[in-house]
Each structure stands twice: as structure tokens, then as C-alpha cells.
Amino acid sequence: QLRLVESGGGLEQPGGSLRLSCAASGFTLDDFAIGWFRLVAGKEREGVSCISSSDGAPYNADSVKGRFTISRDNAMHTVYLQMNSLKPEDTAVYYCAADEFGAPCVVLVTTWPDGFRYWGQGTQVTVSS
């Protein structure tokens, strides 16, 4: 059974850093693109970062470019989201998700979150002083 579990969320001050983890089980991690998304109550789910299955090419949304880094450790079956220079507007529940066919992120991000079939349960990130 394919499963994704996020961890690493918490409370951090503005300007601080957090690293989120997305642990995968039940499938070969590098067969799928993995995306990170965030959700704030009352708003639409926002795509944050994506890492492609084939070449591990990353994509970051403009809102996090230069601050967030997505990476993948296939041996550990884990995708990470390193979040630096955190801002209060980064506060959200963060989810990781896997696509269904191993499509490249440059394609997936044109319609995300559509195309991502398997989702974790989310981890809360709160940025506040």
C-alpha cells in the first residue's frame, strides 16, 4: 500500500528554518514525482515545490523561490523540504503528494494539485514571533 507521512512541522520564528520530511513506503520513490503543497483555511491549496522522478529536477513556486529547497534521498525513501527565511505567510498545513505516472514537474505544475494522486496527512507549520 502506497503511503506518505510528513513530519518536521512546528512553531518557528520569522527568519528561522524548518526541514520537513516526507517518508514514502509501498512504492519506489524515484518512480514518482513528489510535490509539496500547503493549505491555509479559507484558501485554495497552493503548490510549493516539486521534484521530478527521472532526473530529480526541482521546481519551486515564486512565493518560495530562493528560500525553500526540495531534495530527495532515494535510499532513505524520503523527500525533504528545507525552508529558510520563514515568513508569517508561510504558516499553513504542509502536505506531500506523489503523482501517478512519474511525469516531470515542468508538466505537473501547470495543473497542480491535479495529477497528484497520493497524499500524506499533513504537518502544521506556524511562523510567529
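Start with the charges: the protein chain carries 10 positive and 14 negative side chains. Select the two sets in turn; their centres lie 4 Å apart. Keep in mind throughout that this is a predicted model.

**Whole chain**

Switch to cartoon view. The protein chain has one helix and 11 strands. Trace the elements from the N terminus and they run β-β-β-β-β-β-β-β-β-α-β-β. The C-alpha atoms fill a box of roughly 40 × 30 × 25 Å along the principal axes. How does the radius of gyration fit a compact globule? For 129 residues, such a globule would have a value near 14 Å; the protein chain has 13 Å, so the two agree.

The accessible surface of the protein chain is about 6,500 Å². Carbon and sulfur atoms account for 48% of that surface. Of the 129 residues, 42% count as buried.

**Stop 1: Ala33**

Select Ala33. Look for this residue in the loop between strand S3 (18-25) and strand S4 (34-39). Is Ala33 buried or exposed? Ala33 counts as buried, because its relative accessibility is 0%, and the cut-off for buried is under 20%.

Next, show what surrounds Ala33. Leave aside neighbours within four places in sequence. The contacts of Ala33 then include Cys50, Ile51, Ser52 and Ser53. Further along the chain, Ala33 also meets Ala97, Ala98 and Asp99. Then draw a distance from Ala33 to Ala57, C-alpha to C-alpha. These two residues are 24 apart along the chain, and the separation is 9.6 Å.

**Stop 2: Asn60**

Move to Asn60, in strand S6 (residues 58-60). Asn60 has 16% relative accessibility and therefore counts as buried. Show side chains here. Which side chain makes a polar contact with that of Asn60? The partner is Ser49, at 2.6 Å. Ser49 is also among the residues that Asn60 touches beyond four places in sequence, with Val48, Lys65, Phe68 and Ile70.

**Stop 3**

Select His77, in the loop between strand S7 (68-73) and strand S8 (78-83). Check the backbone: phi of His77 is near 55°, a positive value in a residue other than glycine. His77 counts as partly exposed, because its relative accessibility is 40%.

Ser85 sits in the loop between S8 and strand S9 (92-99). What is phi of Ser85? The angle is near 50°, again positive in a residue other than glycine. Ser85 has a relative accessible area of 40%, so this residue is partly exposed.

**Stop 4: Trp112 and Pro113**

Finish at Pro113. This proline is in the loop between helix H1 (105-108) and strand S10 (116-119). Zoom in on the peptide bond that joins Trp112 and Pro113. The bond is cis, with omega about 10°.

Technical notes. Residues numbered from 1 in each chain as written. Predicted model: local features only at pLDDT ≥ 70, side-chain atom pairs only at ≥ 80, totals over all residues. Heavy atoms only, no water. Helix = DSSP H or I, 4+ residues; strand = E, 2+ residues; numbered from the N terminus. Buried < 20%, exposed > 50% of the residue type's maximum accessible area, 1.4 Å probe, protein only. Contact = heavy atoms within 4.5 Å. Polar contact = N/O pair within 3.5 Å; in protein donor to acceptor, adjacent residues only side chain to side chain. Rg over C-alpha atoms; globule rule 2.2 N^0.38 Å. Areas by Shrake-Rupley, 256 points an atom, 1.4 Å probe, with all protein chains shown as cover. Lys, Arg positive; Asp, Glu negative; His and termini not counted. Charge placed at Lys NZ, Arg CZ, Asp CG, Glu CD.
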